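Thanks for coming. I will take you through one model, starting with some helix packing and then moving to the ligand.

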Amino acid sequence: MAHRTDSIQTMKGIGPAKEKLFASLGIHTLEDLICHYPRTYEDRTRLCTIAQLEVDMPSCFRAMVMTNPRSHKIRKGLELTKVTVADHSGRLNITFFNRRFGTEQLVAGNEYIFYGTVTGDFGGYGMTNPVFESMDSSPGVTRRILPIYPLTAGLTNQAVSKAISQALALCGPPEEILPKEILEQYHIMGADRAYYAIHQPQSPEDLDHARRRLIFEEFFVFSAALSLMRAQRTLVTVQPYLRRDLTPFFEALPFSLTKAQRRAIEEISNDFSKGFPMNRLLQGDVGSGKTMVAAAAAYLACKNGQQTALMAPTEILAEQHYKTLTGLLTPLGVQCILLTGSMTPKEKRLAREALSSGEAYLAVGTHALFSKSTEFSHLGLVITDEQHRFGVAQRAALSEKGSGSHLLVMSATPIPRTLALILYGDLEVSVLDELPPGRQVIDTFLVNESYRARLNGFIRKEVQAGHQCYIVCPAVEEGETESGKAAQTWAETLQRTVFPDLPVALIHGRMKGSEKEEVMGAFSRGEAKILVATTVIEVGVDVPNATLMVVEDADRFGLSQLHQLRGRVGRGRDKSWCILVSNSRNPDTLLRLKSLCKTTDGFRIAEEDLKLRGPGDFFGHRQHGLPTFRAASLSMDLELLKQAQAAAADWVNLHGAEHTPEAQALRSRIAHLFRDGMGTFN
Ligand code: ADP
Ligand code: MG
């Protein structure tokens, strides 16, 4: 018997060329293939009569071929094949385009099952290019619920479907990892059936059960991982921090903190005094002032003789935090250093020495902070900014490196509360639900291409008034997304033809760290007036003089992402705008974008996103740093999520530490889910 981890090349009919195509879908092993779930299904089980066929409704019907197919060339490259079919209820003319071969199988007097769509036009009703199979063949493209797979050019749905059946026959479905009592308690379909049913459902109910099972499994594993993480952290004890007077810190601030900021600092300070490591998520909309809460936490740690590491997802952001924090904290006696990948070896060495000697109390940086060569003399607090950019795996790796230290993760991703509960099930949550006073409402407008000239005029007017402008594009280079504007060419076009007299700069994720820094530096110093960018500027970037955010092809972005982008303006005293450009005509898309014009509340936007696009998108997107949920993006119901979470929590409480085969199997699945950084779970 074949093994699930075997390469798909061991299968018949899969050579290097096919293997490459499958690899582009992320499929390498037999198991990957089995876990390549359909994107959707077409129910072709119901047969109707010709009389019952409805215009524009794809349907299956059984009919006899009345005349042998006749083909004629209309012009070069276009050959029509016509055939008339009938059943007891009526007749139907069928036309095939360029399908002479294939259609030769149709023989007058024989019956076939067809699947196709009737269209009505001036000349009467007819059907073009239906698929068909003979009555005595086993159901292939008709008479079944047909799975429709995510595909890539060169691979047909049928080829994928066939390969999956073959893989299932070779090695069978993955082993059961859900404990038996849980299968029973929650009425969950067993693995032995579910993997067949998701690919070859016998009935809609069969499919529902399979889906339910696979979604349940994914969230069970995920929730169990979080529960284990939490259980492990509460085993460690640390020296409780002494309460420190925060007055000097408050007095050093150029503003007074909001109630929400003070409450969050109080919650953190409480955690510090408990005697075991804090594990807290600080969630607050863009601009709610999370950095100051982090600063207060670092201050408290320092005054307890402990070092803080603050990790940002990008160098730009790390630089910026370093500037803000060193300005505030150094005068208060907290020595700060910066550590990023693009610093020179000498700079890095000096920074690391300051950390290992214990001279520096706050280290701001990128993941370079947690490389092997960085040693802290007494690390007490780890803070990660914009947590969604990291991910659960890194979160675990981090808590390992700083084991026994407090952990504060900060995120502006406004995940709906219901989902946050599940995603951050291992964390306590503080919410900054209030913006600092005097914040401007950012006026948001949705426009299409016909506004281009006015938009350009508006950009010029803002720049002439001394302000700056961001223009965000969905792609870096031409041809990356169909019809999506590419930052590189758009920047050139604007500079050359529209704003030859204004400094236009370009920034994107493929540039080197030092290049990005240079561009960002020039923009924040006001040397560049217009910054054409990709979503690299999505998080954290703070240039108060920028008052206009233009998003090209706004329909390419998720609402929450657009909200983040919008948060890059309105950070200073001046009136700010966000212009969403979209040429979409899809009413749903336009509705979605318009909802953004109406509200600036990140949580409401997230709920809206959830309502309009369905939860699949929240999990489909890798943004949240979640492992990829394959089944969950098929469909998802929150009730099922909650059940899986409850089941996982119970199970971890009762059996999490056991060494039974069942517990081992689950732990190894968890490790697989997170791939790296999961030493914690074995
Ligand atoms: P976040 O990281 O939550 O998006 P920041 O920490 O970057 O927000 O804060 C956004 C801006 O608001 C910064 O310029 C910061 O100095 C300012 N700010 C923070 N707290 C306050 C406050 N209480 N009053 C006024 N301005 C504040
Ligand atoms: Mg921030």
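Helix H10, residues 290-302, and H11 have axes that come within 11 Å and cross at roughly 50 degrees. That makes H10 oblique to H11, where angles under 35 degrees count as roughly parallel, over 145 as roughly antiparallel, 65 to 115 as roughly perpendicular and the rest as oblique. The crossing of H10 and H11 is right-handed, that is, the near helix is turned clockwise from the far one by less than a right angle. Helices here are DSSP runs of H or I, at least four residues, numbered from the N terminus. Axes are lines fitted to C-alpha atoms over the stretch in contact, and angles run from 0 to 180 degrees between N-to-C directions.

This is a predicted model: local features need pLDDT of at least 70, side-chain atom pairs count only at pLDDT 80 or more, and totals for chains, interfaces and linings use all residues. Residues are numbered from 1 along each chain as written, chains are lettered from A and ligands numbered from 1 in written order, and side-chain values use heavy atoms, without hydrogens and water.

H11, residues 315-329, also packs against H17, residues 513-524, at about 55 degrees, with the axes 9 Å apart. H11 and H17 are therefore oblique as well.

Now the ligand. Which residues come nearest to ligand 1? Among the 16 around it, they are Gln261, Gly287, Lys290, Thr291 and Arg439, counting a residue if a heavy atom lies within 4 Å. A polar side-chain atom of Lys290 lies 2.7 Å from a ligand 1 oxygen, a polar contact being N or O atoms within 3.5 Å.

How values were computed
Polar contact = N/O pair within 3.5 Å; in protein donor to acceptor, adjacent residues only side chain to side chain. Helix = DSSP H or I, 4+ residues; strand = E, 2+ residues; numbered from the N terminus.
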